[in-house]
Amino acid sequence: MAEKKITAVVKLQLDAGKATPGPPVGSTLGPHGINLGAFTKEFNEKTASQAGLKIPVVVTIYADRSFTFVLKTPPAAILIMKAIGLEKGSAVPNKTKVGKITKAQIKQIAETKMPDLNCTSLESAMSMIEGAARSMGVVVVD
């Protein structure tokens, strides 16, 4: 089988299970001529179980206007906010602390994010998640 010619690779962050053919999907993918209805239907089916999270997706668009997409894990900041029930992080993280997160919660988030992180061990993944938490004004406790 001949390999398809890739015309574009587009990265988006969409609410799980709530993608619509309108913006940002339509304005980003529409110019490439793919079937927006098919994309949103397939994306919503695959992400329905993760409702409430933002899901990064990488869409590969081919010359014949077909597409494939790969779902990534939600951003660490969103997972941290969900784990401790925050609406948003601190505007001044080095002065204003907005919450506390335990090492167990950090480990759970690191295990979730592991496939998309550029590290080889769980300890280094945990260190990255702790850094993200600190930069949001969240204190890491034992």
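**Note on the predicted model**

1. Both F43 and F69 are buried, where buried means a relative accessible area under 20%, exposed means over 50%, and partly exposed covers what falls in between, using a 1.4 Å probe and protein chains only. Residues are numbered from 1 along each chain as its sequence is written, and because the model is predicted, local features need a pLDDT of at least 70 and side-chain atom pairs count only at pLDDT 80 or more, whereas totals for chains, interfaces and linings use all residues. Side-chain values use heavy atoms, with hydrogens and water left out.

2. For the overall layout, the chain has five helices and five strands, which are DSSP runs numbered from the N terminus (H or I over at least four residues for helices, E over at least two for strands). Read along the sequence, these elements follow the pattern β-α-α-β-β-α-β-α-α-β. The C-alpha atoms of the chain fill a box of roughly 55 × 30 × 25 Å along the principal axes, and 38% of the 142 residues count as buried. If one takes the contacts (heavy atoms within 4.5 Å) with a separation of 6 or more, residues 24 or more positions apart account for 59% of them.

3. The aromatic rings deserve a careful look, and a search of the whole structure finds five aromatic pairs. Rings of Phe, Tyr and Trp (its six-membered ring) pair if their centres lie within 6.5 Å, and the pair is stacked if the planes are under 30 degrees apart, edge-to-face if over 60, and tilted otherwise. One of the pairs is F39 with F67, which is edge-to-face at 5.9 Å centre to centre and 70° between the planes. F39 belongs to helix α2 (residues 36-47) and F67 to strand β3 (residues 67-71), so this pair ties together parts that are 28 residues apart in sequence. F39 is buried, at 0% relative accessibility, and F67 is buried too, with a relative accessible area of 17%.

4. The pair of F43 and F69 is tilted, with 6.4 Å from centre to centre and 55° between the planes. Because F43 lies in helix α2 and F69 in strand β3, this pair ties together parts that are 26 residues apart in sequence. F39, F43, F67 and F69 form one aromatic cluster.

5. Charges also sit over rings in this model, a term used if NZ of Lys or CZ of Arg is within 6 Å of the ring centre and within 35 degrees of the ring normal. The charged end of K46 sits over the ring of F69, 5.0 Å from its centre, while the charged end of K4 sits over the ring of Y62, at 5.2 Å from its centre.

6. Two packed helices are described by the angle between their axes and the distance between the axes. Here the axes of helix α3 (residues 76-84) and helix α4 (residues 103-113) come within 10 Å and cross at roughly 145°; axes are lines fitted to C-alpha atoms, for helices over the stretch in contact, and angles run from 0 to 180 degrees between N-to-C directions. On the side of α3 the contact involves A76, L79, I80, A83 and I84, and on the side of α4 it involves Q105, I109, T112 and K113. These residues divide into six nonpolar, two polar and one charged, where Ala, Val, Leu, Ile, Met, Phe, Trp, Tyr, Cys and Pro count as nonpolar, Asp, Glu, Lys and Arg as charged, and the others, Gly among them, as polar.

7. K113, found in helix α4, counts as buried at 9% relative accessibility. Leaving aside residues up to four places away in sequence, K113 touches T73, P74, P75, A76, L79 and I129. The C-alpha atoms of K113 and V57 are separated by 14 Å, the two residues being 56 residues apart along the chain.

8. Two backbone details are worth checking in the structure. Most residues other than glycine have a negative phi, and most peptide bonds are trans. The peptide bond from P23 to P24 is cis, with omega near 0°, and P24 lies in the loop between β1 (6-15) and α1 (25-29). R65 has a positive phi, near 70°, and lies in the loop between β2 (54-62) and β3, where R65 counts as exposed at 55% relative accessibility.
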